[in-house]
Amino acid sequence: MTLTASSLATTAFDLGPARALSCRECGHRIPLAPEFACPECFGPLEVAYEFVDVTRTSIEAGPRSIWRYRQLLPVPHDVQRHPNTEPGLTRLIKADRLAAALGLRSLWVKDDTGNPTHSFKDRVVAVALAAARELGFTVLACPSTGNLANATAAAAARAGWDSVVLIPSSLEQAKVLTTAVYDGTLLAVDGTYDDVNRLATELAAEHEDWAFVNVNVRPYYAEGSKTLGYEVAEQLGWRLPGQVVVPVASGSQLTKVDKGFQELGSLGLVEPTPYRVFGAQATGCSPVSRAFAEGHDVVQPVRPDTIARSLAIGNPADGPYVLDTVRRTGGAVADVSDEEVVEGIRLLARTEGVFAETAGGVTVATAKKLLEAGQLDPDAETVLLITGDGLKTLDAVSDRLGPTATVPATSKAVRAALEGRVA
Ligand SMILES: *Cc1c(COP(=O)(O)O)cnc(C)c1O
Ligand SMILES: [Zn+2]
């Protein structure tokens, strides 16, 4: 069936500026629907838009959350608001002390620990839920490496929906508790994230009213990551940075930050200046970094073994598109050891006062490595995406951090403990 412009305009769903789903592989278009795979070639589907009347002024007049970009997202015109618990518009921190430590001239840290459940996943879940409601789903579900579990269970609780969250049984205790507290259904599955993901795909086919945010409503979910790109540009005063470093799990976030930058440029909301996109992985789960280094277009799946569990996807759905994006923009993908991840967490904390989870450690450490390798330009304006909160991955640092000293309650003992530490 071929679709004319008019048949696309009369879609049954109000998903704002979204007009169709289009296949990333073959370009085939279908009307907006709860679909995620191309009926022609099984390639992943992506939202296609027709944007109207988007201006800096209309965005700036909007809510102080991701919904200020509603005109650029696949959500209903009257998207349901939860004013005090909406994700987005997190801090963009001028990171001068980290810049000096790394040897960068101009550096910003996008601090997404400030979202309702302390990771960037609140953005994608909010968009997925809004689209899922319009598409007729009634249960919010996901397979998760942790942060998505938190965000899905919390968003469902807020909206009064049931949730079904699947996690690998090896997940950090903190991420289990911070999901369970929202009182949805939480299933710990014996297996890796990739096993859990496969199970979710099976369950999505069996339960028509379950919206697995990152499986059967993935095309809509993924668009939520564009808001990171929009915010960085708006917070820089409506400009694009010269280079951005993004942690890579499935790879969706990286490709959508790029999509967000491109849309702003083509809509005339920013000058379409060139920028480079860099991907960051942990060596213990670095299938995309390896493919980049070896010059491959396909990503060979791996079995993850790293403390960066939020990034531990061994078979990343968007891996090939990450490779396309970094190659097209002149960036790179690199990976760092768990030791370097912990160093990255500590460097960010002691220079900027921001406590990131392991994914943030991956980003900081990878930026350091890319600089040392001459791949990041020390003179270009740089943004690091810090996507999750260190309080959720205390295990990663618990055996290396503690009190400077444990002392009796006397000033003499304190003096002895301070010896050589304080000027
Ligand atoms: C999920 C996640 C990512 C990566 O997201 P993808 O879009 O799957 O690449 C990055 N950081 C944190 C903290 C995450 O939870
Ligand atoms: Zn296709």
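Modeller: Here is the sheet, then the metal site, then the whole chain.

This is a predicted model: local features need pLDDT of at least 70, side-chain atom pairs count only at pLDDT 80 or more, and totals for chains, interfaces and linings use all residues. Residues are numbered from 1 along each chain as its sequence is written, chains are lettered from A and ligands numbered from 1 in the order in which they are written, and side-chain values use heavy atoms, with hydrogens and water left out.

The open sheet has 6 strands in the order 4-5-13-10-11-12. Its pairing is mixed. Strands here are DSSP runs of E with at least two residues; helices are runs of H or I with at least four; both are numbered from the N terminus. Two strands pair if DSSP finds at least two bridges between them. Strand 4 (91-94) and strand 12 (333-336) are the edges, each pairing on one side only. On average, neighbouring strands are turned by 25° against each other, direction ignored. Axes are lines fitted to C-alpha atoms, for helices over the stretch in contact, and angles run from 0 to 180 degrees between N-to-C directions.

Now look at strand 5 (residues 107-111). It runs parallel to strand 13 (residues 382-386), and 5 bridges join the two. In this pair, K110 stands opposite L385 of strand 13.

Helices pack on this sheet. Helix 9 (residues 226-235) lies across strand 4, strand 5 and strand 13, at about 135° to strand 5. Helix 11 (residues 287-294) touches strand 11 (276-282) and strand 12. Its direction makes about 125° with that of strand 12. Contact means heavy atoms within 4.5 Å.

Next, the metal. The SG atoms of C23, C26, C38 and C41 coordinate the zinc ion (ligand 2) at 2.2 to 2.4 Å. Donors are N, O and S atoms within 2.8 Å of the metal (3.2 Å for Na, K and Ca); water is not among the atoms, so sites may look incomplete. The donor residues follow the spacing C-x2-C-x11-C-x2-C. C23 counts as buried because its relative accessibility is 4%. C26, at 42%, counts as partly exposed. Buried means under 20% relative accessible area, exposed over 50%, and partly exposed in between (1.4 Å probe, protein chains only).

Finally, the whole protein. It has 16 helices and 13 strands. Of its 423 residues, 57% count as buried.
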